[in-house]
Amino acid sequence: MSTILVFLAGLAVIITWWMAQQRLSSKPWLEANGIHDIPVLTRSAVATEKIGLGVFLAIVGALFTLFISAYFMRMGLQDWWAIPLPRILWLNTGMLVIGSAALHWAKMEVVRNNGNALKLALVTALAATTGFLIGQLFAWKELVTAGYVIADNPANSFFYLITGMHGLHILGGLFVLSRTTSRVWEGAALAKVRLSTELCTIYWHFMLVVWLVLFALFAGWANDFVAICRQVLN
Amino acid sequence: MANIPAGIDDTVPLAEVADVELYHPKSWWTTYVFSQDAKVIAIQYSLTAISIGFVALVLSWLMRIQLAFPGALSFIDAEHYYQFITMHGMIMVIYLLTALFLGGFGNYLIPLMLGARDMVFPYANMLSYWLYLLAVLVLVAGFFVPGGPTGAGWTLYPPQSILSGTPGGKDWGIILMLTSLILFIIGFTMGGLNYVVTVLQGRTRGMTLMRMPLTIWGIFTATVMALLAFPALFVASVMMLFDRVLGTSFFMPTIVEMGEHLKNGGGSPILFQHLFWFFGHPEVYIVALPAFGIVSDLISTHARKNIFGYRMMVWAIVGIGALSFVVWAHHMYVSGMNPKFGFFFATTTLIIAVPTAIKVYNWVLTLWRGDIHLTLPMLFALGFMVTFVNGGLTGLFLGNVVVDVPLAKTLFVVAHFHMVMGVAPIMVVFGAICHWYPKVTGRMLDETLGRVHFFVTFVGAYAIFFPMHYLGLLGVPRRYSELGDTAFIPPSVQALNEFITIMALIVGAAQILFLFNLAWSLRRGKEAGGNPWRATTLEWQTPQTPPAHGNWGKELPVVYRWAYDYSVPGAAQDFIPQNQPNGDRISREPAS
């Protein structure tokens with residue numbers, strides 16, 4: 001459970017930083033505004049949707065961190081043996097990186113008001129990310145063919161469970177991205193799709209980072225690090 | 001504070017507020033059924049939660065009858081008793097209290113108290129309710145499938161919860177329960193995102209964080225906690241569903257069932273307990289913090305006095321929220337954990353008493369020399385304070401490892417958490433309904449009926465749960481459907497059990513009175529007007545009562561002061577609404 005506590009501590013730092021700017025030590029009972037001073041506007045200049053996405057990503061982060069916490073705790077028990085990593089995962093990782101990069105490009109093009117390049121970038125992102133999902137299915141198939149079925153070993157179970165959960169999140173992102181793309185295709189003004197392109201970009205970068213962490217986890221690169229942490233804690 | 005200088009002209013400069021686009025429904029269906037208006041969603045949430053709460057109330061009757069008069073109802077056997085326990089606990093904690101405080105009061109009050117027209121993501125808000133309803137239906141479906149609902153206890157501890165010895169373990173019961181929880185969490189996340197972002201972005205001009213009513217602070221902090229804690233339950237539910245349906249071994253150790261080796265092996269039930277309580281303890285405060293916030297506003301309004309120590313109250317709410325994430329293992333003292341961890345968690349548990357006690361002192365000091373009106377909301381608020389202190393004190397006993405170990409499996413625990421987490425929040429629920437019913441419907445509840453309901457409920461609840469502490473100290477175990485002949489249990493236990501049961505039946509029946517009052521007053525109640533309690537907060541300053549779609553007229557209200565300007569010296573009235581600037585001599589009567 002220490003993994004989730006570290007995550008929450010990080011979140012607590014962000015929340016504390018935010019609260020520090022909110023004048024929580026003010027004395028509201030002494031500070032009524034008179035008729036002539038117009039009270040301040042309290043909302044942030046950042047788009048509401050972007051703040052909403054930020055909060056949502058914090059929840060998604062907590063979700064995956066909890067899966068990882070459970071993974072580490074279960075890993076310490078006797079009957080665990082690591083799963084061989086299908087090589088196609090490298091290809092999938094590459095696809096997701098391309099998807100993320102393409103969206104970053106799209107974000108720049110939408111600012112430059114370049115419609116054609118934006119279309120190309122969005123379609124590339126859609127194609128690459130769909131490729132990632134199909135690749136993940138192939139990875140599952142490869143494992144099942146090699147005999148690593150879900151109930152055999154907790155490492156297998158976790159692999160299917162966590163990659164499946166990540167895939168579902170990507171699928172949700174694809175749904176939103178395809179809506180944005182079709183709006184661009186139908187000729188919506190670029191100013192109107194700017195926000196949703198930016199939101200997709202943030203989401204994709206976040207899911208890429210999640211995937212890289214998960215990949216490191218499945219490949220066992222994190223094991224040494226965890227072993228060190230365990231020793232420090234004990 | 002509010003000095004009122006003479007000779008100020010009445011022209012108020014226009015303070016323009018950036019307005020938001022508002023969704024306008026076009027048909028009856030989108031106005032009342034698939035509504036995106038937070039007020040309609042709030043009522044849908046509340047009615048669903050109260051309905052399912054009544055199912056849980058009937059279950060508690062059945063359990064009490066079985067305990068006092070074993071065999072009186074022939075259809076209750078041990079298995080049914082476990083199913084009733086499980087469903088009663090799960091419904092009351094999650095589907096009633098969480099949904100009612102956040103989905104019900106949160107939806108109604110956040111936009112209105114902050115001066116917003118609606119939640120920021122109304123569509124997701126609507127989906128949130130329909131997923132919640134679906135979750136409730138899936139839960140109730142458990143009663144109608146072969147094998148009945150799960151009887152694993154509301155904590156659903158594996159391995160027993162998915163084995164054949166537990167009702168519903170190898171049937172549909174546990175599957176439906178886990179599915180329902182997963183749906184609830186997805187739905188709640190959609191709603192919770194709305195509550196948090198609306199507080200961040202939906203506040204009107206002048207509504208700084210430190211001018212928000214404590215109700216909003218409570219709901220806001222509780223929602224942030226819930227958004228971070230519910231994923232733990234989600235993870236635990238999904239993993240258990242895998243164990244049950246796909247035969248994985250996340251939680252399932254090597255086990256022999258009916259002389260047969262199961263395929264599972266090597267899993268860790270303790271892992272489930274960690275995940276469950278990582279959600280489960282914050283859950284206590286997810287219910288308590290909105291109650292704290294609401295009760296602060298009720299006390300201040302009905303004692304005509306500003307809340308004592310507003311800043312402390314805010315900090316205490318935030319502090320309790322943060323601390324509640326590092327106490328979860330105090331539910332696991334008897335799980336064989338390292339004693340050093342036990343010491344750590346006992347310490348954090350007892351530290352929570354500090355901010356909590358600050359809140360209680362501040363409520364008492366708010367009442368001190370106040371102009372206390374013993375209205376229905378005030379009665380319930382007082383009932384809450386007393387009950388919460390009672391329940392909190394026994395919490396100090398149970399927070400200590402050495403005291404907890406002998407008491408953990410007795411009725412003492414049942415009495416403790418029913419006081420602190422059952423009776424106390426439900427007092428606030430009643431108080432809040434009595435307080436805001438005039439705004440929601442435009443009519444007052446009947447005072448006499450309300451008083452009868454209050455006294456029967458309050459006195460009755462003590463008659464139920466005070467003796468239960470004593471039973472616990474005698475060592476009477478919880479979770480037993482029948483005591484039988486047990487050497488250390490004297491015959492007086494049986495007599496006390498019968499007394500408790502009769503009281504439970506009476507208190508339960510009194511709730512029908514409350515429902516009747518709600519329904520009767522809807523048409524026959526006294527006209528309430530816009531601001532019957534003469535309260536300062538924005539929801540009482542709406543141009544229409546009940547508030548129309550969009551809440552405010554053409555212009556959003558502008559906030560000039562904090563939410564607690566009651567009995568300000570020199571002011572014309574004993575309250576100054578939040579949207580009234582300093583030096584404005586003409587208090588604006590809201591049109592009703």
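Author: A residue is buried if 20 or more other C-beta atoms, placed from the backbone, lie within 10 Å of its own, exposed if 12 or fewer do, and partly exposed in between. This is a predicted model, where local features need pLDDT of at least 70, side-chain atom pairs count only at pLDDT 80 or more, and totals for chains, interfaces and linings use all residues. Residues are numbered from 1 along each chain, and chains are lettered from A in the order in which they are written.

Reader: Why is α5(B) called largely enclosed by the rest of the structure?

Author: Count its residues against that cut-off. 25 of the 29 residues of α5(B) are buried, so the helix is largely enclosed. In chain A, 32% of the 234 residues count as buried.

Reader: What makes the reach of helix α5 of chain B close to the expected one?

Author: The expected span is 1.5 Å times one less than the number of residues. Helix α5 (residues 173-201) of chain B reaches 42 Å from first C-alpha to last, and 42 Å is expected. Helices are DSSP runs of H or I, at least four residues, and strands are runs of E, at least two, numbered from the N terminus.

Reader: What does chain A have by that rule, helices or strands?

Author: Chain A has 7 helices and 0 strands.
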